[in-house]
Amino acid sequence: MKTEKAVAISAPEFRGVRAAALKGFDLLYLGDEFCQNLLPARTDFGAAAEKFKGRVILVTPLLTDAVFDEMERVITSFSSAKNRLEVVVNDLGLLHTVKRRYALRVNVTLGRLFAHRVKVMPPGFAARFLKEHGVKRVELDDASLLSRFEGIKGLKFSFHSPFRYLSATRFCPWERHWPASCALSCLGKTQKLEHPRLPRPLLLKGQAYGLRTSGVPAHPALDRLVKESLPAAGRG
Amino acid sequence: MLIVAGAKTYDEADWLLANGAAEVYCGVPGLPNHRDADQCLENDAEFLRIARLAGARGKRALLALNEACFEKDYPAVARRVRAIVKTCGCPVIIRELPLFHYLYNSGLRAEFIISSLSLVFNSRALDYYNKLGVKRVILPFHLLPGEAGRIINNRRGLETEIFFHADFCCPNMDPACRLDGWLKSFQVCRFPYTCGGKPHRMPEANVPQKLDIVYDSFHSGIKYLKIIRVTDFKDQKEVLKEARVMLALLEKGVSREDFRKLGEKLYFSVSRHGGRTGR
């Protein structure tokens, strides 16, 4: 089985990315799972579809109504029954909307935030819930979660590295305000937080705190690796 | 706005209802809720006493069912919740989708309130809950009133509730934060970290930012203001007083600027805010 290689880039980062940085990847994950200020507008998505030779996947976090409509416009503009768009979903409202309105033109992938909600569901309920919502793939960054999902028939897995998320915030840690205004201060930066009780440092990347991942697990249904940028840590 | 306050005992509920709370919410051991057993009532009977007390005063008690539990426990949980609701008709604060579906499919018809931990961030998420008898939605901690207009003014007539941010607001998003579980510790988010060799705290809203949320909550049409269960009830009494004075100011039509000034004094009048300014 061929393992797909994907690169994850936020929309603002993509605007400045060189074509050479995208070489060698089969898929482009455009957007962000933790911050809605890093999502692509239609123009971004269109530019990415032109610039990138492979398939472009829309990546979304928890969504407020302020950006929900634009994400719907991206979906309607770049999907059809013949050319389905893959969307990484972390929000119940989007999951439900895709099921009701776009089931025939969208392939749903469960994002990492949502995966942690589903992992505590009873297996039977989780399987039905994912099937009813057309979820075909789950994004993971923690090998221990594979066992929670592998009993669900037909699911494929993606594995993110080198960043494993542990916590997310909407109070921007870089600019110290709520997300309405944003100067994109997080771009290209990582912070390393240390404390004697931590077995290893916490990393702050965008709106998420997490750890550096340690290796990719082997699993027959894991057929996609997603590379995220993780700049060298500074104080930011 | 009507105040909803968490209570850990009958006596606390009595005091809260007598001092400005329109509703109290409580957890009961064995029924999954977002607090340890020591912050819950003794048993179902104590909840029913509180519900009767509230009812006698024209107020209400809400049952907190805002945590996950094992599937094997669903039948027992459903049996107890059904008995409580049948006896007192209380609303139920619910979080987990599987338990919610189980209760609904097993015939429980209650006024369900969607927990903030369900992370309803947009009005489309309300569609999911459409057929499940939901009457109210509690906004997640990190969703601001200004972002929640379509939820607050929803077409379904659902009521909305928001936490009293001038008392408490996590730096990170509960339940999308797994730091405590990872380290098997408490409030890992508030550790005194170092970053690049310098002291560092995970940022959280400062006092003016918290006061702005209270101001916007009042003016956006949110109906209920929630005060969390606090370990030391003396602290919670102070918080309730703080909230009532703030609401009185807002009802008088105080400007945002004045509310910030007066609110800051009130904020620091609460003992438990003295050591953590959030600045």
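Tutor: Let us start inside. β1 (4-9) and β2 (27-31) of chain A each supply at least two residues of the lining of the largest cavity. Keep in mind that this is a predicted model.

Student: What makes a space a cavity here?

Tutor: A 1.4 Å probe fits in a cavity but cannot get out. The search of the whole structure finds 4 cavities of 30 Å³ or more. About 320 Å³ of space lies in the largest cavity. Among its 25 lining residues, those closest to the centre are A:Ser10, A:Glu13, A:Asp32, A:Lys205 and A:Glu228.

Student: What makes a residue count as lining?

Tutor: A lining residue has an atom within 4 Å of a cavity point. By that rule, 25 residues line the largest cavity.

Student: Which classes make up the lining of the largest cavity?

Tutor: There are 11 nonpolar, 7 polar and 7 charged residues. Asp, Glu and Lys count as charged, so A:Glu13, A:Asp32, A:Lys205 and A:Glu228 belong to the charged class.

Student: Now the strands. What makes the barrel of chain A a barrel?

Tutor: In chain A, 8 strands close into a barrel in the order β1-β2-β3-β4-β5-β6-β7-β12, and the pairing is parallel. The twist averages 30° from one strand to the next.

Student: How do you know that β4 and β5 of chain A pair?

Tutor: Pairing takes at least two bridges. In chain A, 5 bridges join β4 (residues 85-89) to β5 (residues 106-110), so these strands pair. They run parallel. In this pair, A:Val87 stands opposite A:Val108 in β5(A).

Student: Which strands form the barrel in chain B?

Tutor: The closed barrel of chain B has 8 strands, β1-β2-β3-β4-β5-β6-β7-β10, with parallel pairing. Here too a twist is given: on average 30° from one strand to the next.

Student: How do you know that β4 and β5 of chain B pair?

Tutor: Apply the cut-off of at least two bridges. In chain B, 3 bridges join β4 (residues 92-94) to β5 (residues 112-114), so they pair as well. B:Ile94 stands opposite B:Ile114 in β5(B).

Student: What lies across these strands, and at what angle?

Tutor: In chain B, helix α2 (residues 44-56) lies across β2 (21-26) and β3 (60-65), at about 150° to β3(B). Helix α4 (residues 97-105) of chain B lies across β3, β4, β5 and β6 (134-138), at about 170° to β5(B). In chain A, helix α2 (residues 42-51) lies across β2, β3 (55-59) and β4, at about 155° to β3(A).

Student: How is chain B divided?

Tutor: Into domain 1 (2-169 + 207-232) and domain 2 (175-203). Taken over C-alpha atoms, 28 Å separate their centres.

Student: Where are the cis peptide bonds you can show me?

Tutor: One joins A:Ser161 and A:Pro162, with omega about 10°. A:Pro162 is in the loop between β7 (156-161) and β8 (163-168) of chain A. Another runs from B:Asp174 to B:Pro175, with omega near 10°. B:Pro175 lies in the loop between β7 (159-163) and α7 (179-183) of chain B.

Student: What is noted about A:Leu184?

Tutor: Its phi is near 55°, a positive value in a residue other than glycine. A:Leu184 sits in the loop between β8 and β9 (190-194) of chain A.

Definitions and conventions: Residues are numbered from 1 along each chain as its sequence is written. Chains are lettered from A and ligands numbered from 1 in the order in which they are written. This is a predicted model: local features need pLDDT of at least 70, side-chain atom pairs count only at pLDDT 80 or more; totals for chains, interfaces and linings use all residues. Side-chain values use heavy atoms; hydrogens and water are left out. On a 1 Å grid over the protein atoms alone, a cavity is a set of points where a 1.4 Å probe fits but cannot get out, and a pocket is an open set with protein on both sides within 12 Å along at least five of seven lines; lining residues have an atom within 4 Å of a point. Grid points are joined across faces, edges and corners, and a volume is the space filled by probe spheres set on the points. Helices (H or I, at least four residues) and strands (E, at least two) are DSSP runs, numbered from the N terminus. Axes are lines fitted to C-alpha atoms, for helices over the stretch in contact, and angles run from 0 to 180 degrees between N-to-C directions. Contact means heavy atoms within 4.5 Å. Domain bounds come from an automatic or database domain assignment.
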